[in-house]
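Here is a report on the structure shown below. Please read it with the sequence and the coordinates at hand.

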Amino acid sequence: MPIIKADLDLCQGYANCVMEDARFFDISDDGVVVVLQEEFAKEDRTRVEAAVRSCPVSALRIEE
Amino acid sequence: MDSRTVIVGGSVGGIRVAQALRSQGYTGEVTVIDAETYHPYDKPPLSKSFLDGTLSYDRLYLISEEEVRDSAIDLRLGDRVVGLDITGSSVILESGPAITFENLVVATGLRARPSPWEATDGVHLLRTLDNAQLLKEDLLGAGSVVVVGGGFIGAEVAATARSFGLEVAIVDPLKIPIGRVLGDTVGERFTGLHHSNGVSTHFGTGVERITGAKGNLSVELSSGAVLLGDLVVVGIGAVPNTEWLVSSGLLIDNGLICDEYCRAAGQSNIYGVGDVARWYHPGYQALVRVEHWTNAVEQAACVAHNIINPKESDSYSPVSYVWSDQYDWKIQIAGETAAASDCVLVEDPSNHARFAAVYSNRSGSYCGVATVNWPRAMIQCRRLLDKESDISIPLNLITALLPSV
Ligand SMILES: Cc1cc2nc3c(=O)[nH]c(=O)nc-3n(C[C@H](O)[C@H](O)[C@H](O)COP(=O)(O)OP(=O)(O)OC[C@H]3O[C@@H](n4cnc5c(N)ncnc54)[C@H](O)[C@@H]3O)c2cc1C
Ligand code: SF4
C-alpha cells in the first residue's frame, strides 16, 4: 500500500500541498506540514502526485 | 504518426507538464527538449540556499533520473529549438533534425534582461545554474557587492551576500521597490529590513554608468553618488524566450499569447505554460503573464489535462501565489496585492518578525494577502481567495490565530 511521507526538516510551510488537497495535508501552528492521512485510495493517486509535485522544496514523496 | 507531445523547455513548467501527462494517464510519446545541458534543475534556490551553499546542485533536480526513465520521458538536453513549422507540425532543432508533434507545449520561460552598462567583468546576472555558480564563486572572494534592482531576486541576493559578511549596497529607481507589488506601507518595511541587516539602500535613483572591472567596479548613480564594489549583480527583470517562434505565425507580444485554456491564440494543439505564457485569465478578464514557480506548476497540470481531454478543456483561472526568503523573513504572497486599493496590517505582539497584510479592492472585497513568518495565517487566507468575501473574514481568521491576552 503506497503511503505519503513528508520530510519535516525540508518543509518550509509553503502549503502548496494543502491547496492541492486539504484532505491529506494541513499546516501546523509552527508552519510545518501535517499529513492528515498517509494512505490514499487508488482514485486519489493523481491528486496526491500533483500535491507532491507542487511542493517547492521536494519535501513530499510517495513511498510504494 | 503515433501521438506525441513535444515540450520545448525543460525547467519547472516543461517538466511538470511531462509528469502531469503521465500521472493523468497519457500514453503517447513525451519529448522534452532543453538548450541547457544540465539535468533539469529548479531556480528558486539559485538566489537562496544554492547561492549560500546549503543546497548542492544534485538537490535542485526537478525530477529524478529514475522517474525520467520509469515514466518514459524522452529528455533531450543540450539542443536548442530554433523554429516551429505549424503546417508541418514540427519543431526544428539547432542540431539539424525536425521533430513532429501532435501537441506542442511552449515552456521556454525567460532569460535575464542583460545589463545595459559597459562594464562586464565582475558584473553578474542571475537566472541559470551557470549564472549562480559563477556568482557564488565570486561572492566567496569578494568584500563588497552592489546589487542593481531592488525586486525579490535583488533582495534575496543582497541577503545572501550579507550572510557571507560582504558589504552590500542595493540600488533601484523606485523609491519603494517592493511597494510596486505590496503597496508602500508594506514596501517600507522591506526597505527597513535591508537597513536592520546592515545593507545600504539607494532607492529612487537610477544607475548612469558602471565602469571598472572585478575587484574595482564603480556604479555611478543619477543622484551623483558613486558606489564602489568588488562585484555588481544586475537584477533588472527578465524577457520571454520567444525568438524561435517569431516567424512561426504564432501571436507573440510580451510572451506567447494564449486563450483561457492555455492554447496559443488560434491553435488547437499548441499550448503555453509558465513564465513565457501570457494567457487570458477569465477571473481577471485580461491577458496576464506570471513569473512565479507555483503558477508554472498549476498551469502545467491544466495544460496536461487539456492535452488529454481537448473536448473537456479546463480554463485556467488561478489565484497567484509566490514566496521569497530574505534575511530571516519568510515571505508569502497570494492573490492580487499590486492593484489593491487598501491594506490592513495585523501584527503578532508575541513575535515582532511576524505580520500579515490583508488587501482589499475598490469595492471593499478581500483580494490578496501577504504574510511574513506566518505560514498558518497564509494558508487560512489563501484558501479564501477563490471566492468573493468581505475583508473582515480573513482578518477575523488571522486575529483568531493571535495568542489570547
Ligand atoms: C534566482 C531566481 C529565484 C527565484 N525565486 C522564486 C521564488 O522564490 N518564488 C517563486 O515563486 N518564483 C521564483 N522564481 C521564479 C521561478 O523560478 C520561475 O517562475 C520558473 O523558473 C518558471 O519556469 P518556466 O519553466 O516557465 O521557465 P524557465 O525556468 O525560464 O525555463 C525555461 C527553459 O527553457 C529553456 N529554453 C529556452 N529557450 C529554448 C529553446 N529555444 N530551445 C530549447 N530550450 C529552451 C531554457 O534553457 C530553460 O531551461 C525565481 C527565479 C529565479 C531566476
Ligand atoms: S508544499 Fe512542501 S513545503 Fe509546503 S507545506 Fe507542503 S510539504 Fe511543506
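At 42% relative accessibility, Asn254(B) falls in the partly exposed class. The model is predicted. Asn254(B) sits in the loop that links β17 and β18 of chain B. Its phi is positive, about 55°, although Asn254(B) is not a glycine. Most residues other than glycine have a negative phi.

Ala72(B) is another non-glycine residue with a positive phi, near 50°. The loop between α2 (65–70) and β3 (73–77) of chain B holds Ala72(B). With a relative accessible area of 48%, Ala72(B) is partly exposed.

## A buried loop residue

The loop between β17 (238–240) and β18 of chain B also contains Asn241(B). Is Asn241(B) buried or exposed? Asn241(B) is buried, because its relative accessible area is 18% and the cut-off for buried is under 20%. Asn241(B) and Asp275(B) are 34 residues apart along the chain, and their C-alpha atoms are separated by 9.4 Å.

## The three-stranded sheet

Chain B has an open sheet of three strands in the order β18-β20-β21, with mixed pairing. β18 (256–258) and β21 (286–288) of chain B are the edge strands. Each has a single partner strand, so one side of each is left without a neighbour in the sheet. From one strand to the next, the twist averages 25°.

Strand β20 (residues 277–281) of chain B pairs with β21(B) over three bridges, in the antiparallel sense. In that pairing, His281(B) has Ala286(B) of β21(B) as its bridge partner.

## The five-stranded sheet

A further open sheet in chain B has five strands, ordered β9-β16-β10-β11-β12, and its pairing is parallel. Which strands stand at the edges? They are β9 (123–124) and β12 (200–203) of chain B. Each has a single partner strand, so one side of each lacks a neighbour in the sheet.

Inside this order, strand β10 (residues 144–148) and strand β16 (residues 231–234) of chain B run parallel and are joined by four bridges. Val148(B) has Val234(B) in β16(B) as its bridge partner.

## A covered strand

Strand β1 (residues 4–8) of chain B is mostly covered, with five of its five residues buried. In a regular strand the side chains alternate between the two faces of the sheet. In β1(B), Arg4(B), Val6(B) and Val8(B) point one way. Thr5(B) and Ile7(B) point the other way, and all are buried.

β1(B) pairs with strand β2 (residues 29–34) of chain B in the parallel sense, over five bridges. Ile7(B) has Val32(B) in β2(B) as its bridge partner.

## The β14–β15 hairpin

Four bridges join strand β14 (residues 216–221) of chain B to β15(B), and the two run antiparallel. Val219(B) stands opposite Leu227(B) in β15(B). The hairpin has four residues between its strands, and Gly224(B) takes a positive phi near 100° there.

Side chains alternate along strand β15 (residues 226–229) of chain B. Leu227(B) and Gly229(B) point to one face and are buried.

## Enclosed helices and helix residues

How many residues of helix α8 (residues 375–384) of chain B are buried? Nine of the 10 are, so the helix is largely enclosed by the rest of the structure. Among the buried residues of α8(B) are Pro375(B), Arg376(B), Met378(B), Gln380(B), Arg382(B) and Leu384(B).

Gln299(B) belongs to helix α7 (residues 293–308) of chain B. Gln299(B) is buried, with a relative accessible area of 0%. Gln299(B) and Val17(B) are 282 residues apart in sequence, but 8.4 Å apart in space from C-alpha to C-alpha.

## The site of ligand 2

Ligand 2 is surrounded by 14 residues. The closest are Cys11(A), Tyr14(A), Ala15(A), Cys17(A) and Cys55(A). The shell around ligand 2 divides into 11 nonpolar residues, three polar and no charged. The space that ligand 2 takes is the largest cavity.

Key:
Residues numbered from 1 in each chain as written. Chains lettered and ligands numbered in written order. Predicted model: local features only at pLDDT ≥ 70, side-chain atom pairs only at ≥ 80, totals over all residues. Heavy atoms only, no water. Near = heavy atom within 4 Å. 1 Å grid on protein atoms, 1.4 Å probe; cavity = no way out; pocket = protein on both sides within 12 Å on 5 of 7 lines; lining within 4 Å. Sits in = over half its atoms within 2 Å of the grid points. Nonpolar A, V, L, I, M, F, W, Y, C, P; charged D, E, K, R; others polar. Pairing = 2+ DSSP bridges. Axes fitted to C-alpha atoms, helices over the stretch in contact; angles between N-to-C directions. Buried < 20%, exposed > 50% of the residue type's maximum accessible area, 1.4 Å probe, protein only.
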